[in-house]
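My entries follow in the order in which I made them.

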Amino acid sequence: MARRGFTRRDVLKAGGAGALSLGAAGCATDDFETELTRDGDGPNVLMIITDSTRADYIGAYNRDSLASTPNIDALAKDGLRFNLAVPEAMPTGPCRRCVLTGQRGFPFRDWVESPPLPPEPGWTPIGDQQPIFTELLGDAGIETAYCTDNPFIIGPRFAEFRRTLDAAHPDFSQGAYRAFNKPFKRPATRPEIERYLLPALSDTVEVQRIRDHVGWNALFRRRERDFSAARVMRAGMQVLDEVKGKGGPFFLGVDSFDPHEPFDPPRAWRVKISGTEPKGIEKEGILPIQPFETPSNRVDTIEIDEDTVELVREMYAGELSYADRWIGRLLNKLDDLGLADDTLVYYFSDHGLTLGEHGVIGKAAALPHYHIYHVPYIIKDPQGRLAGETSDYFASTHDVARTILSTMGVRPAGAMDGEDLSVLFEGKQPPSRPFFTACYADNVIAGDGRYVLISNIVGKRRRLYDTLEDPGELNDISADNPQMVDRLWKALEDEAGGSLPMFGKNFVLGG
Amino acid sequence: MAERAARWTRRRLIGAGGASAASVAGLAGLRGARPPAAAAQEAGRALTNVLLIVVDGLRADFVGAYDDGDDRAETPNLDALADESLRFEHAIPESMAAMPARKALVTGMRSFPFRDWRPVDGMARLPGWTQVYDHQPALTDVLFDQDVEAVYIADNPLLETERFSGVHRAPEGRAPQVTQAERWVAPVVPGGVSGDDRSIERVVDGGIAALRELKGKSPFFLAVDAFDPAEAREPTPVFVRPSDALEQRERSEQRERETDDKVRFGRTQEVETDVSDERVRDHYAEEVKSVDREIGRLLSELDRQGLKDSTLVYFVSAGTTALGEHGVYGTAAAAGHEEVYKVAYMIRDPDGRRAGEREDFYASTHDVAPTILSHLGLTIPGKMEGEDLTAFFDDDDPPPRRHFTSCAGDQVIVGDRRYVLVSDFEGAEKRLYDTDPPTHEDEHGDEDDFSPRDEDEDVSREEAEQVRQMWARVVQDAGGTIPKFGPDGPIRPREEADENDDDEVDEGRLDRDDDLNFSGQ
């Protein structure tokens, strides 16, 4: 890339002179040669993602949360918490693409069906022309590592991203999705499966999923540390040990697929929340770890009662609590190594999921209500600035890349659309963002903090909710508030560059 | 891979305060960012200023410093500036017409492919011709927020809105008049413009007065934005004979009435002229010469005020001009030659870094805002899409830009070091030009297979694969689709078909059977 025929010495001098010119010019002497590379005194960045995490199941966001998340809560206490963070594009795949490139996926205008990714708008691999922030960090001499068990990232689909890393730690322990990347040869038997299978799902694709999941678990899950979230966090701890010795600044991404379904935490964690008394369908000896046919069901079509829905919530809460426990261990490790004061911790999730609200269980792209779009989002400054504060800024996933690059002093690529949120720690505000805008498959969401518009991208089914009066988003008030509907729809169009695209079956038709 | 000897952004260095001291002392003071101004004061130094000079339609090959062996250009002042600047040899504006190009310049966002166009009263009813929207960032806004004095001297109506009331100021009593506004109404007809006021003279007068006023108010930002030499005033009769222009206008208005449901792009006009290319070029060169003289006047004033060593000078031409290439004349015209699109573009670092050097990066108008903000140590809004070109001064490289894309009127343009593809928005009439055709010496195959190729020749038939690849780049840079326009803005496909769609969307779909492979989200 360097086209200029400079010697190294010249380069160093040029760099030095550049910096010096900012300072008193008198400092410049001919023999100034100090190399402007950093010592190991940070700041480093630790990015933690948990998949499928709802904000209202995190204690810091909801005091009555069913889950117990003392570690994330502590992180919020030490960091800056964003009250209403909405991932700009959902779910898993589009979100990761956005996080890594810093470019908005919304409104999925560049979607082309890309098998084996799901044939759903937004699921497109990272393009050659897109920047990847780990690559920019690597170019700047920063050690980069990423640990994940996310079946989409460890497979061939994010290979381009993995090539940018100094250390990639893939983990294939998500049994239910193992066939996605590696065929699994020792599946469970039918009776074993039926312990976990809702009768209504007895001849669906979920049978296969549970077969692999249970088969894998029987082989590899003995203790709590063998479960997926623990394995990912342990890999992160191992990386911390390694980079500590190297002395340079580092970026570590720890991206846990849990608490994604199947909701199958170590038993102790479930019992901690739901108690030992069987509940709902558990009374019939069934533990519904995969309580819907992906992506979603209506509660009544899978014939489960209120108690069973409650049970599912508790299982989800158990899985999240268990993931939180291991996040705590990772953060403790950071502390033990003396890195906590030099490391910015960035925690968020990619989307939530619906657990009985609106009569639905799972992720219904057409019903992307608060349970889907509202995620936890916390940044902990190494110096403790803004500790325990909250921000009403509509932070999102595309802000991650720019913020991390800025924190580490590396120039972002112009194509990165997000804002640099690190300015908040300097007492400034990022450029105003009066609306959040997001999309999930062929549905779009826009909100101003009080009103939320949810529609399909065609604009035929616009629903408006007043989240202040109606936090459950149950009463569509679009008919009475056409101006607000238009305003939020306009925000979507503006954000999309002027018009929203139209999707065909396999690609974007135009717009 | 370049040595990343200094990978920090200037924001970080300034924010850290005493960066030079820190670098000597093992970077002890790096953490703990402070506001730039405060940190700078602490370190006992002044932040630098920025002087942005914008002209219109100045082709690089008519500036002496871009020496192409053609000695027609006489631009001593620009040449002197180039000697002290980093010069971009392949600078191509991301959109070519005056308004969209300036919008890109102010917002740092691309105007290409005009997807956000809505007709605006008082402006040409052409895609791309809109004001800066409220949801877009603006260079001047960011500067204002950060207490940087910002003055923008222009005689075009771009900043004539409420939003810029605090920015678009000229010193008392010297406010330039908007005399060229009428051109905005019908920019495709370049004829008939008269008047004795020269755009460049007026804005340079304003700029000189502003410099005197701004001295001592460091850091400041001053933009001097002129319409010249585009549609060069003096040689106008050469471009289009007035009577032709009138006819053209009538014809186009007629056409507009006839097809009022279809939007009229700025079509490249076919104009009959009895003037030779050479005369057009001579007139244009003459015009460039006078622009050069005015720039010289402004830069001398900068010198006289003692601001030269503390002011970054950013010189850019926002548009370009075709001078008979492929029979095309005028601004915003699509021709196959890359030369037509290359504009003069240089940055003079106050510390003289990279003076007299060159870069072949495809610098563009949308890089201006992020580069200036970065130079001032300010955070670049994420919506700005341009690259931070200060990287070049820090021996870093911005992300590679392997091709350029742009649009002019009803044409999109994409090019790389060898090919230029020009097409209408719909992609129906694609023309491919090989600007660097292989010669006999390049050919190692059978002598008989070699067919000599002219760079004026459309080779889209022979090079179908190349056409496909170039078109894919246009689509990619446009975000995935290229918009189509109706009379009121972009139109979405199949909107009528969807009227018949079943409204029962959600409930039925929630229980659809999804393939296992597709359902792992």
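I looked up A:Tyr451 and found that its bridge partner in strand 16 of chain A is A:Asp466. Strand 15 (residues 451-456) of chain A and strand 16 (residues 463-466) of chain A run antiparallel and are joined by four bridges. I took strands as DSSP runs of E, at least two residues long, and helices as runs of H or I, at least four, numbered from the N terminus. Two strands pair if DSSP finds at least two bridges between them. The hairpin of strand 15 and strand 16 of chain A has six residues between the strands, and A:Gly459 in this hairpin takes a positive phi near 90 degrees.

I noted that this is a predicted model, in which local features need pLDDT of at least 70, side-chain atom pairs count only at pLDDT 80 or more, and totals for chains, interfaces and linings use all residues. Residues are numbered from 1 along each chain as its sequence is written, while chains are lettered from A and ligands numbered from 1 in the order in which they are written.

Next I checked an open sheet of three strands in chain A, whose order is 7-10-9 with antiparallel pairing. Strand 7 (296-298) and strand 9 (354-355) of chain A are at the edges with a single partner strand each, so one side of each has no neighbour in the sheet. Strand 7 of chain A is joined to strand 10 (residues 360-362) of chain A by three bridges. One of the pairs I looked up is A:Arg298 with A:Val360 of strand 10.

Then I turned to helices. Helix 10 (residues 267-274) and helix 11 (residues 306-336) of chain A pack at about 125 degrees, with axes 8 Å apart. Axes are lines fitted to C-alpha atoms, for helices over the stretch in contact, and angles run from 0 to 180 degrees between N-to-C directions. Residues in this contact include A:Trp269 and A:Ile273 of helix 10 and A:Leu311 and A:Met315 of helix 11.

Last, I read the confidence values. The model scores ipTM 0.89 and pTM 0.86. Chain B has a mean pLDDT (the predictor's confidence in each residue, from 0 to 100) of 73, and 62% of its residues reach 70 or more. For residues 232-249 of chain B the pLDDT is below 50, and the stretch has 41 contacts beyond near neighbours in sequence. Contact here means C-beta atoms, placed from the backbone, within 7 Å.

Technical notes
Contact = placed C-beta atoms within 7 Å.
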